[in-house]
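Here is a friendly briefing to read alongside the model. Please have the structure open as you go.

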Amino acid sequence: MEEEEAPPSNDQFPVGKCDGESLKERDSEPTGLLDGQNGLPEGKKEFVAPAVGMEFESYDDAYNYYNCYAKEVGFHVRVKNSWFKRNSREKYGAVLCCSSQGFKRIKDVNRFRKETRTGCPAMIRMRVMYSKRWRVLEVTHEHNHLLGAKIYKSIKNMGSGTKRKLQSRSDTEVQTIKLYRALVIDAGGHGNPNGNAREVMNFSEHPNQLNLKKGDSQAIYNYLCRMQLTNPNFFYLMDLNDEGHLRNVFWVDLRCRASYGYFGDVIYVDNTCLSNRYETPLVALVGINHHGQTVLLGCGLLAGETAESYTWLFKAWLTCVSGQCPQTIITDRCNALQNAIVEVFPKSNHHLSLSHIMKKVPEKLGGLHNYDAIRKTFVKAVFETLKVIEFEAVWGFMVQRFGVTDHEWLRSLYEDRARWAPVYLKDTFFAGLSASRPGENVSPFFDKYMHKQTPLKEFLDKYELALQKKHKEETLADIESRNSSPALRTRCSFELQLSKLYTREIFKRFQFEVEEMYSCFSTMQLHVDGPIIIFLVKERVLAEGNRREIRDYEVLYNRTTSEVRCICSCFNFYGYLCRHALCVLNFNGVEEVPSKYILSRWKKDYKRLYIPNHSSNSVDAVDRMQWFNQLYRSALQVVEEGAISLDRYKVALQAFEESLNRVHEVEEKQE
């Protein structure tokens, strides 16, 4: 056990740390000065006191937090005790106390120097946990002496006068902000101590500061602290502006990170709350699971719709998913979003949300003279054209016929057509998030849990309830898919084959395509080039006014490779074959859907049999995040298998207990 003196802090702490150059101490007495005449910083700040259960990434982070807290309250810190492992001399425990703790021995008393030790009981005791984080185990807040700058005036001239150096902020890299960073959030926006609430800020006027009301920062801190205690490997980042005000926040829990490993191929950036000026400026990163349900992959609170904020958010998210970029990113029409995606995800396919565009049609075109006719032609161009030349012809007819050539919104849409019109996106995989059919819609992830006036504190309470409901829905869908067999409606071999593989919901969608094969009344060859054949499939479709009309679909089929591609591109848009492709397979005597067209992400046992591995096979000696991800994904396979029956559950639980005991034995040997 060793005792060492902790240097005081006399500057407002910058990004990352509060300490800088150490000041030399004599006789274990603090010699620094508190900043400001009253010992407290200017402006009103919420600085949460230490509490049992707080966790920090390292001892230095814990020490720096307590030192910063002490500076704000008005006392100095000393390291009372430290504990080290015998062999490695690695520190595993410590007690930080007020510098007035204890009393000097009589022989050490200097009668020319004022005694500052009063036996003060204020302290925190902490220890490193198995997770390698430092956790606060005991806290005493009470002091038995005055706090603030006045108590240090008697030692004012004893210091060396050395100024601490501020640690510079890097504007180009996303930095991990430790837990204590959450404790200096400006609660009042403008530091106004009067009044119970401040006026709502205008996003455009203050894009550099998060829109917080009184108590919001405390709510954010409470949530993050609670999640770190209850959710293993909970990950969050905070971004402060140059004035120390909270600008952006990002967080992602264990389940979200696991979901990205399975379903991170296509994501939707849901910025509904931010773009529509909700009281809670939320941005959600959303994916699609094996039941076709939306799953949360990460969340953020942003100061405004700027390229800088979105870039920070995406970099933060990329940090926690081991740098693996999604294949396709879908967003609304926003230049700031587009610029951020180009910078952070240059290799991803970025496309615009068609459902978002269709929702804008009444707003943007509703005031035009021939609105109904324009809307009908617009819908035909978007949903009924199969070739680019057809889209161009219908669009050209619309703008010429109704005199809307100079309409700004339509003109900008046409310029962006390659990023939202389905006819241009047939080579991009969307996993059902494309909304490429009339009436389809991608709803906001938290649509049922918040509205425009929902306060941030209320949202954070509803957030966990919303996720619990989503997780319950997925679990119930898993059980239903695994323990029941869907009813077959045809004698088609394709239906029987995929009823054994697909989850219940995805099978229902595929089953509809099988049933609609009977609306395709003609399949004939158009062109033959060796093993490659172009077929023409005729289908009777229901058009406007409940009338039937015939449409032609071209389907390419390769007899050698079993490749089948329809001009409607259902497979890329939704992840399963369409009725037209199935007709061609059936026409050629194929009795089973080729394996290349049965995506693993739709299978009922996908999460049990597939362990995503986005990192290399080599184990990084210091990357604990990589360790956790690989361990979690391996353990999840045992969980999924163990939940099938009671016998499997007992075996899996026993295996976990035995593994945990063996891990503890390793730790005990090291000590």
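By class, 18 nonpolar, three polar and 16 charged residues make up the lining of the second largest pocket. Here Ala, Val, Leu, Ile, Met, Phe, Trp, Tyr, Cys and Pro count as nonpolar, Asp, Glu, Lys and Arg as charged, and the others, Gly among them, as polar. This is a predicted model: local features need pLDDT of at least 70, side-chain atom pairs count only at pLDDT 80 or more, and totals for chains, interfaces and linings use all residues. Residues are numbered from 1 along each chain as its sequence is written, and side-chain values use heavy atoms, with hydrogens and water left out.

**The pocket**
- The lining has 37 residues, and Phe383, Glu384, Pro438, Arg551 and Tyr553 lie nearest the pocket's centre.
- A pocket is an open set of points on a 1 Å grid over the protein atoms alone, where a 1.4 Å probe fits, with protein on both sides within 12 Å along at least five of seven lines; lining residues have an atom within 4 Å of a point.
- H8 gives the most to the lining of the second largest pocket, with six residues.
- Helices (H or I, at least four residues) and strands (E, at least two) are DSSP runs, numbered from the N terminus.

**The sheet**
- Seven strands form an open sheet with mixed pairing, in the order E7-E8-E11-E10-E9-E12-E13.
- The edge strands, E7 (235-240) and E13 (349-352), each pair on one side only; two strands pair if DSSP finds at least two bridges between them.
- E12 (residues 328-331) and E13 pair in the parallel sense over four bridges, and Ile330 stands opposite His351 in E13.
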